[in-house]
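Please open the structure in your viewer and keep the sequence panel beside it. The stops below say what to select next and what is found there.

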Amino acid sequence: MIVDYHMHTPLCRHAVGEPEAYARRAIELGIEENRFSDHSPMPVSYDPDWRMTSGEYPPNIEMVRRCQKAFPQLSIKLGLEADYHPGTEDFVKGVIRRTPSTT
Ligand SMILES: [Zn+2]
């Protein structure tokens, strides 16, 4: 199976293009499964220029859901690129708990 599991939405602040553009390109290239894995929200003092805020996480999930509905012929997963940084474990656990259990 050909997959691409490292894609971001513009909410991560270092990618351009809407998820639908990535899905269209995946289909053109014969990729069978995409996973959007934006960098996890973190406490505001940690690397804010490279990740979505906590408040942007629900819209991030909605962007991926919208893309899944628009491209039923492509397997599109919701992921999260969660970082380990000492002292932020409880914050990251909270974010992961807010992540829907369905793909
Ligand atoms: Zn990245």
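A residue is called buried under 20% relative accessible area, exposed over 50%, and partly exposed in between, with a 1.4 Å probe and protein chains only. This is a predicted model, in which local features need pLDDT of at least 70 and side-chain atom pairs count only at pLDDT 80 or more, while totals for chains, interfaces and linings use all residues. Residues are numbered from 1 along each chain as its sequence is written, and side-chain values use heavy atoms, with hydrogens and water left out.

Select tyrosine 5 to begin: this residue belongs to strand S1 and is partly exposed, at a relative accessible area of 34%. Helices (H or I, at least four residues) and strands (E, at least two) are DSSP runs, numbered from the N terminus.

Next, show S1 together with S2, which pair in the parallel sense over three bridges; strands count as paired if DSSP finds at least two bridges between them. Within this pairing, valine 3 has glutamate 33 of S2 as its bridge partner.

Finally, select the zinc ion, whose protein donors are His8 (NE2), His14 (NE2) and His39 (NE2), at 2.1 to 2.3 Å from it. Histidine 8 sits in the loop between strand S1 (3–7) and helix H1 (19–29), and histidine 39 in the loop between strand S2 (33–36) and helix H2 (57–70), so the pair ties together parts that are 31 residues apart in sequence. Donors are N, O and S atoms within 2.8 Å of the metal (3.2 Å for Na, K and Ca), and because water is not among the atoms, sites may look incomplete. Both histidine 8 and histidine 39 are buried.
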